[in-house]
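Subject: Structure handover

Hello,

Here is the structure I said I would pass on. Please open it alongside this note.

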Amino acid sequence: MATPRRSPRAAVPAQTAGDDATPRIEVRKTYKLYIGGAFPRTESGRSYLVSAADGSPLANASRASRKDLRDAVRAARKASEGWAAKTAMNRGQVLYRVAELMEGRRAQFFAEVAAAEGISAARARDAVARAIDRWVWYAGWADKIAQVLGSSNPVAAPYFNFTIPEPTGVVGIVAPETSSLLGLVSRLAPPLVAGNAVVVIASETRPLPAVTLTEVLATSDVPAGVVNVLTGLKPELVPVLAAHEDVDAIDTWGVPERLRAEVETLAADDIKRIARRPAGVSDARFDWSDDRAAERPEWIAAFLEMKTVWHPIGV
Amino acid sequence: MTSDTTAVTRSNKGAPASWGLGDGQAIPWEYAPAPESRETVTIRERYGLFIGGREVPASDGSTFTTVNPATEEPLAEVARATPADVDRAVASARRAQRRSWGTLPGRERAKYLYRIARLLQERSREFAVLESMDSGKPIKESRDVDVPLAAAHFWYYAGWADKLEYAFPGRIARPLGVAAQIIPWNFPLLMLAWKIAPALAAGNTVVLKPASTTPLSALLFADVCRQADLPAGVVNIVPGPGEIGMHLVTHPNVDKVAFTGSTEIGRKIAKGVAGTDKALTLELGGKAANIVFEDAALDQAVEGIVNGIYFNQGEVCCAGSRLLAQESIVEPLIEKLKDRLSTIRVGDPLDKNTDVGAINSRAQLEKITELVASGAAEGAEMYQPACDLPDRGYFFRPTLFTNVAQSHRIAREEIFGPVLSVLTFRTPDEAVEKANNTPYGLSAGIWTEKGSRILAMVQRMKAGVVWANTFNRFDPTSPFGGYKESGFGREGGMHGLHAYVRLEDR
């Protein structure tokens, strides 16, 4: 395996170490998994080389194993009840704080997105800014979605009847392959604001911005285990996620088309909810910068269960 | 075939102890038969498929017999759809969706649905009698629950047809296209209404496969469609076996699949649509806990428990099949339940006094019998009241098991029969743990006089419908559907529309 020779941070102005202006040797980052609030390397000891859009090597990312995935699901299950039990306003504030912390890391995200996606500086800057703004947009839904999707139902009998949304539980997310940060945030925020704990399989070819996002999450107020992020090979990890019986729903946006039938067949075994990419929409070409198309309360609703409650009216 | 009578039973026709007549006294009256007239229904010898607005025989001329489960006598010969018939039905639905129904303004679609609702009301007795004869359910339930609710569903969704923009603010709701719908035998007409009404309101056309033991009310509904002058091909009905259902859901020209039935078949259907762009909703099995706290109004709770598990012979996906009773009141509660069971009238579904009718089919009766035998074999204690069962037909005594462990099959598997398993708990935490200890999550019941406890328990139930101090209530405005392996998607209410639309930006 080739040695990475260019840091995605190269786009950040070089620092000098002393008066003699000798170029400083950069301290490179180890890109790790994020499971239960900790940053383990994969238990398998494996890594894979991640390259920039121009083909130059960027870093060795952890190549997560099935065991890592099972650990991540266990961490998510453990965290899910506490996250679901937070007040809606609190959940909104916690997610808003993710945006606050991302704001401070814009330069790093910019460098990683630009290197990963090979897009112009202007587009990379726009993608990072929108990713931050998208957190703000979704965070604001936390204490509104129940009013928009819930209902009081006028049944034809003397009963008080109402319907309230509740989080589905543990959601597996197969992140978009192409849009490394904005696409990821756009799929991650909806199930989170709904109150679910998640296990993310990051973009296989562009995983570094996802790893940096976990460093933001770790220092935010999002409780450990609510978000778990794995990097690795999708054909190896996605079927395990789809078949895992403690995963209640799966977002298959970033599942390679050739794996989709297999993944959905595995997910059928425990009647998983499947949030699919809409028919005719391509992962590679979807425009995540189109706010109208990429910000949808329906995407929150996909990870909610509707609970209807009846009680008699009488004295 | 009758149920196993080796259980502990009361002296024959003994009066409940609570009546104070003394031990072993006979109930001091008999119910005179009160049969509902069959005159309102003319059951033909043969029924065809309903495709493109016309009744047609199966392409290969094959038929199957539908029997009256209360008498085991044949009711009619029904055309058995072939794959070619399904193909024609789907093509007919596609044509109608493109040419007539999909382009019809919502307010015109609404008027057709109102017509259907009115026709169901006008012909309600005919439907009720036919439904009871074909399914075995008591006439008082088909008359007072199934048929009025079916009409109410069409009425409710009729009004949505021209108001979809208010159901999905900021979005335009488009129909999905052709909906393939498969319904079970426990509420044949009502499940048809749950499926067809929202689909049509949103501008879809449908191909519906009724259960093979209960096709007649769907075929009578075809006549309602004709009377309503519903455009040809908007509703197509193709009775047949399970393979025909799989052919329908895997048909490449279908856009939406909706299924109500067992989790086992639901899995197969989900696999059948895997990898396609078809929308899917599933309403599957259940093993609901009905939780009774020590402060509950016990007499009301007993009525709710009885309604929860013996309604429709217990052939209800959301039936309260696991009674969780707080330990301090188990004994009085069981005593009251046994008393109440001794007054349940099992028999002729067409008798207006009947509480529990016939089991839908011989196969279902055998399944119930087998599971009940497993309950006794695994060590639970069985009780059945000493009621006479008719000589013919598929009947089963209302059954109650005490000393049930969570590991027993009768506490884990959906029996779909009049069989209640009683478990106990000490604390609310234990009740929650036991109630949720199942892969299912369709419904739950909570009985307590304490409001804050109701709301706390409601929050913790992993179930799509929670009845507090009531059970088995249904309404077209009230969303219904499951958590976990009880399925996904909701039927009823505004939420029920969501299953039949594609949302676009304005």
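At roughly what angle do the axes of helix 8 and helix 9 of chain A cross? The answer is roughly 25°, and the axes come within 7 Å. Helix 8 covers residues 234-243 and helix 9 covers residues 257-268. Angles under 35 degrees count as roughly parallel, so helix 8 of chain A is roughly parallel to helix 9 of chain A. The crossing is right-handed. Please bear in mind that this is a predicted model.

Which residues make that contact? From helix 8 of chain A come Pro235(A), Val238(A), Pro239(A), Ala242(A) and Ala243(A). They meet Leu259(A), Glu262(A), Val263(A), Leu266(A) and Ala267(A) of helix 9 of chain A. By class, this helix contact has nine nonpolar residues, one charged residue and no polar ones.

Next, the contact between the chains. Chain B puts in 36 residues and chain A puts in 30. On the side of chain B that touches chain A, the elements giving two or more residues are these:

- helix 9 (263-273), helix 15 (451-460) and helix 16 (493-498) of chain B
- strand 18 (465-468), strand 19 (487-488) and strand 20 (501-505) of chain B

Helix 9 of chain B gives the most to this side, with five residues. By class, the side of chain B that touches chain A has 17 nonpolar, eleven polar and eight charged residues.

Strand pairing also links the two chains. Strand 10 of chain A (residues 304-312) pairs with strand 18 of chain B. The sense is parallel, over three bridges. Thr308(A) has Val465(B), in strand 18 of chain B, as its bridge partner.

Two backbone points in chain B remain. Most residues other than glycine have a negative phi. Glu72(B) is not a glycine, yet its phi is positive, at about 65°. Glu72(B) sits in the loop between strand 4 (63-68) and strand 5 (73-79) of chain B. Asn312(B) also has a positive phi, near 55°, and is likewise a residue other than glycine. Asn312(B) lies in the loop between helix 10 (298-310) and strand 13 (322-326) of chain B.

Is each one buried or partly exposed? Glu72(B) has 13 C-beta neighbours inside 10 Å, so it counts as partly exposed. Asn312(B) has 25 other C-beta atoms within 10 Å, so it is buried. The cut-off for buried is 20 or more.

Best wishes

Definitions and conventions: Residues are numbered from 1 along each chain as its sequence is written. Chains are lettered from A and ligands numbered from 1 in the order in which they are written. This is a predicted model: local features need pLDDT of at least 70, side-chain atom pairs count only at pLDDT 80 or more; totals for chains, interfaces and linings use all residues. Axes are lines fitted to C-alpha atoms, for helices over the stretch in contact, and angles run from 0 to 180 degrees between N-to-C directions. Helices (H or I, at least four residues) and strands (E, at least two) are DSSP runs, numbered from the N terminus. Angles under 35 degrees count as roughly parallel, over 145 as roughly antiparallel, 65 to 115 as roughly perpendicular and the rest as oblique. A crossing is left-handed if the near helix is turned anticlockwise from the far one by less than a right angle, and right-handed if clockwise. Two residues are in contact if their C-beta atoms, placed from the backbone, lie within 7 Å. Ala, Val, Leu, Ile, Met, Phe, Trp, Tyr, Cys and Pro count as nonpolar, Asp, Glu, Lys and Arg as charged, and the others, Gly among them, as polar. Two strands pair if DSSP finds at least two bridges between them. A residue is buried if 20 or more other C-beta atoms lie within 10 Å of its own, exposed if 12 or fewer, and partly exposed in between; C-beta atoms are placed from the backbone.
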